[in-house]
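Have the viewer open and follow along.

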Amino acid sequence: MFNTHQMKEINYKAFVTKESDSGFINSIEELSTSNLKENDLVIKVSYSSLNYKDALSASGNRGVTREYPHTPGIDAVGEVVESNSSEFEVGEKIVVTGYDLGMNTSGGFGQYISIPANWAISLPKDLSGAEAMSIGTAGLTAGLCVRKLLMNDLSPDSGDILVTGASGGVGSVAVMILSKLGFRVTALTGKTDQIDYLKSLGASSVIMRSEMEELGKPLQKGIYQGGVDTVGGSILSNFISQTSQRGVITCCGNVASDKLQTSVFPFILRGVALIGIDSAESLLEVKKEIWNNFSSDWKLDLAKITKEVPLESLSDEIGKILEGNQVGRVRVNLG
């Protein structure tokens, strides 16, 4: 028998994006749980986090969100308040990242969400809700990247590792995990004022984005054994060309460009592997594995990379992430 608990109608706060005559506007509105789509679970959200995809949704990007008004937020952690599933009990703490949450399903920037049970994972007991949303989709993506590097036999003895876009959400967590595991990490950033920050996360050295922006030869000196690319474009092109024999690169972002100009030479002469990472649609079992890693062997002190804001401050933070000025992670307190 399912642990079903029919909750009464509740009014709640949500960050809502609407289309107007002058474009897309964001505001904090009062909504009702009676308007949530019927699903397996209703969750009272305690925290969410801000990701690049959220910023796109909140600015009216139809490639992310088809219909407006809409509540973004691809991440959420909270408590089950209604369950029509044998998998989760009322009162259980869960975390959900990706799938359709915050894209075309009302997301974690609202105090209540309604989701299928197969999107949810029980929050690991050694991880608080606040810690989970310091990680969020960005941290999960970093974890998936590291998992693939390890699965492809990269180890601290393999050689230097590069993380691009290192001061952003994915990059910051990737630097922290890799350095914790003993890798020698070179961090690439466009922000000269973030050098000390990146070294405090564990980066052995920091290079400027300008050093890799101009497209070089198809096959350059092998400097890195692989790593994590979060930006795409000419930086990824050069990264591939500068990767040594049997190197492995994971690719998970396009903030610089969605275009990639390369040749077959790094792949057929050096055996370089380029692996794409799609965190939103990752298998639930793989997500569980990563979340369990974050609660045990990969446990990180995320306080120094996390800024916490209320819903009312989200618009400012969305502007920063769209301009490329976000540093670390932004956790949203749903209060």
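D153 is exposed, with a relative accessible area of 67%; here buried means under 20% relative accessible area, exposed over 50%, and partly exposed in between (1.4 Å probe, protein chains only). You'll find D153 in the loop between α2 and β8, where the helices (H or I, at least four residues) and strands (E, at least two) are DSSP runs, numbered from the N terminus. The phi of D153 is near 70°, a positive value in a residue other than glycine. This is a predicted model, so local features need pLDDT of at least 70 and side-chain atom pairs count only at pLDDT 80 or more, while totals for chains, interfaces and linings use all residues. Residues are numbered from 1 along each chain as its sequence is written, and side-chain values use heavy atoms, with hydrogens and water left out.

Y99 also has a positive phi, near 55°, and sits in the loop between β5 (93-97) and β6 (112-115). Y99 counts as buried because its relative accessibility is 10%. Another backbone spot to check is the cis peptide bond joining Y68 and P69, with omega about 5°; P69 belongs to the loop between α1 (52-58) and β4 (75-83). For context, most residues other than glycine have a negative phi, and most peptide bonds are trans.

Now for the interior. A nonpolar core is a set of buried Ala, Val, Leu, Ile, Met, Phe, Trp, Tyr and Cys residues joined through side-chain atoms within 4.5 Å. The largest one has 49 residues, and V163, V175, I177, L178, L198, W291 and F294 touch the most other members. Elements giving it two or more residues include α2 (129-151), α3 (169-180) and α8 (284-294), with α2 providing the largest share, 11 residues. Leaving out residues up to four places away in sequence, V175 touches V163, A166, V185, A187, L198, L201, G202 and A203 (contact means heavy atoms within 4.5 Å). Apart from this core lies another, of 28 residues, among them F15, L41, A55 and L311.

Back to α3: 10 of its 12 residues are buried, so the helix is largely enclosed by the rest of the structure. V175, I177 and L178 are among those buried residues. The span of α3 should be 16 Å at 1.5 Å a residue, and its end C-alpha atoms are 17 Å apart, which agrees; the expected span is 1.5 Å times one less than the number of residues. After α3 comes G182, whose phi is positive, near 100°.
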